[in-house]
Amino acid sequence: MPFHTREQRWAVVVAHRRAGKTVATINDIVSQALYTDKENARYAYIAPFYSQAKQIAWDYLKYFTRDVASKTSESGLNVELFNGARVTLYGADNPDALRGIYLDGLVLDEYGDCKPNLWTEVLRATLADRKGWATFIGTPKGLNHFYDVWELARANPNFWYTTRIKASDSGILDPGELAEMKATMSEEEYEQEMECSFQA
């Protein structure tokens with residue numbers, strides 16, 4: 001709920017595997033799209049690869065818009081809502097396809113797996129004229145550009161919402177399952193994937 005009721009324009013969600021990052025952010029996009037007062041509002045969910053976006057988020061997007069969609073495009077991976085707002089899935093593997101569009105909000109999934117300059121050279125400008133928002137989500141993969149955004153966000157709480165959801169705190173996964181995972185993964189793997197350590 002703190003994520004969904006945030007007031008900051010920018011957000012970073014660092015969460016363990018299977019924590020529900022995609023479900024949360026797809027619902028956030030749909031909610032923002034439903035209640036916007038902007039005409040022809042446009043929103044994007046961006047995964048490192050187009051095929052990944054389709055695999056991860058497409059079924060969720062269709063499911064959570066089933067009662068409010070006026071048009072669904074399987075070929076374009078987008079849903080248009082009854083108010084004219086549109087949510088589209090994209091892949092970061094073709095960044096030039098994202099140039100020239102405008103967005104009122106976007107989610108960057110597993111930003112650490114995307115090209116480091118995707119945000120600064122391509123996506124940031126898509127939000128400028130309509131003062132759109134952005135949410136970065138993912139699980140750590142070392143001290144990369146996702147870590148840099150996390151550190152920037154933590155240093156600027158007035159402008160950035162941040163949360164880190166560790167498996168040991170969330171209660172989402174069964175404790176027995178976590179114990180089994182811990183027994184079969186290396187300590188570094190478990191700390192990174194389940195305890196959200198950037199240093200592991």
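I began with a charge over a ring: Arg66 lies over the face of Tyr63, at 4.0 Å from the ring centre. The rule I used asks for NZ of Lys or CZ of Arg within 6 Å of the ring centre and within 35 degrees of the ring normal.

**Ground rules.** This is a predicted model, where local features need pLDDT of at least 70, side-chain atom pairs count only at pLDDT 80 or more, and totals for chains, interfaces and linings use all residues. Residues are numbered from 1 along each chain as its sequence is written, and side-chain values use heavy atoms, with hydrogens and water left out.

**Arg6.** I looked up another charge over a ring. Arg6 lies over the face of Trp133, at 5.7 Å from the ring centre. Where is Arg6 found? I placed Arg6 in the segment before β1. For the element names, helices (H or I, at least four residues) and strands (E, at least two) are DSSP runs, numbered from the N terminus. Arg6 counts as buried because its relative accessible area is 13%. Buried means under 20% relative accessible area, exposed over 50%, and partly exposed in between (1.4 Å probe, protein chains only).

I then noted the polar contacts of Arg6. The side chain of Arg6 meets the side chain of Asp28 at 2.8 Å. A polar atom of the Arg6 side chain also lies 2.7 Å from the backbone oxygen of Phe3. A polar contact is a pair of N or O atoms within 3.5 Å; within protein, one must be able to donate a hydrogen and the other to accept it, and residues adjacent in sequence count only if both atoms are side-chain atoms.

**Aromatic rings.** Rings of Phe, Tyr and Trp (its six-membered ring) pair if their centres lie within 6.5 Å; planes under 30 degrees apart count as stacked, over 60 as edge-to-face and the rest as tilted. I get 12 aromatic pairs by this rule. Phe3 and Tyr161 make a tilted pair, 6.0 Å centre to centre with 50° between the planes. This pair links distant parts of the chain: Phe3 is in the segment before β1, Tyr161 is in strand β8, and they are 158 residues apart. Both Phe3 and Tyr161 are buried. I also found a cluster, in which ring pairs link Trp10, Tyr111, Trp119, Phe136 and Trp160.

**Pockets.** On a 1 Å grid over the protein atoms alone, a cavity is a set of points where a 1.4 Å probe fits but cannot get out, and a pocket is an open set with protein on both sides within 12 Å along at least five of seven lines; lining residues have an atom within 4 Å of a point. Grid points are joined across faces, edges and corners, and a volume is the space filled by probe spheres set on the points.

The largest pocket holds about 490 Å³. I count 18 lining residues, with Arg17, Arg18, Lys21, Ile56 and Glu110 nearest the centre. Helices α1 (21-35), α2 (50-64) and α7 (187-193) each give at least two residues to this lining. Which classes make up the lining? The lining has five nonpolar, five polar and eight charged residues. Ala, Val, Leu, Ile, Met, Phe, Trp, Tyr, Cys and Pro count as nonpolar, Asp, Glu, Lys and Arg as charged, and the others, Gly among them, as polar.

The second largest pocket has a volume of about 200 Å³. Its lining has 14 residues, and Phe3, Val13, Ala24, Thr163 and Ile165 are the closest to the centre. Here β1 (10-15), α1 and β8 (160-165) each supply at least two residues. By class I noted nine nonpolar, four polar and one charged.

**Loops.** Thr139 is in the loop between β7 (133-138) and α4 (145-155). Thr139 counts as buried because its relative accessibility is 4%. Its side chain makes a polar contact of 3.4 Å with the side chain of Lys21.

Most residues other than glycine have a negative phi. I looked up Leu77 and found a positive phi of about 50°. Leu77 sits in the loop between β3 (69-73) and β4 (78-81). Glu110 has a positive phi near 45°, and lies in the loop between β6 (105-109) and α3 (118-126).
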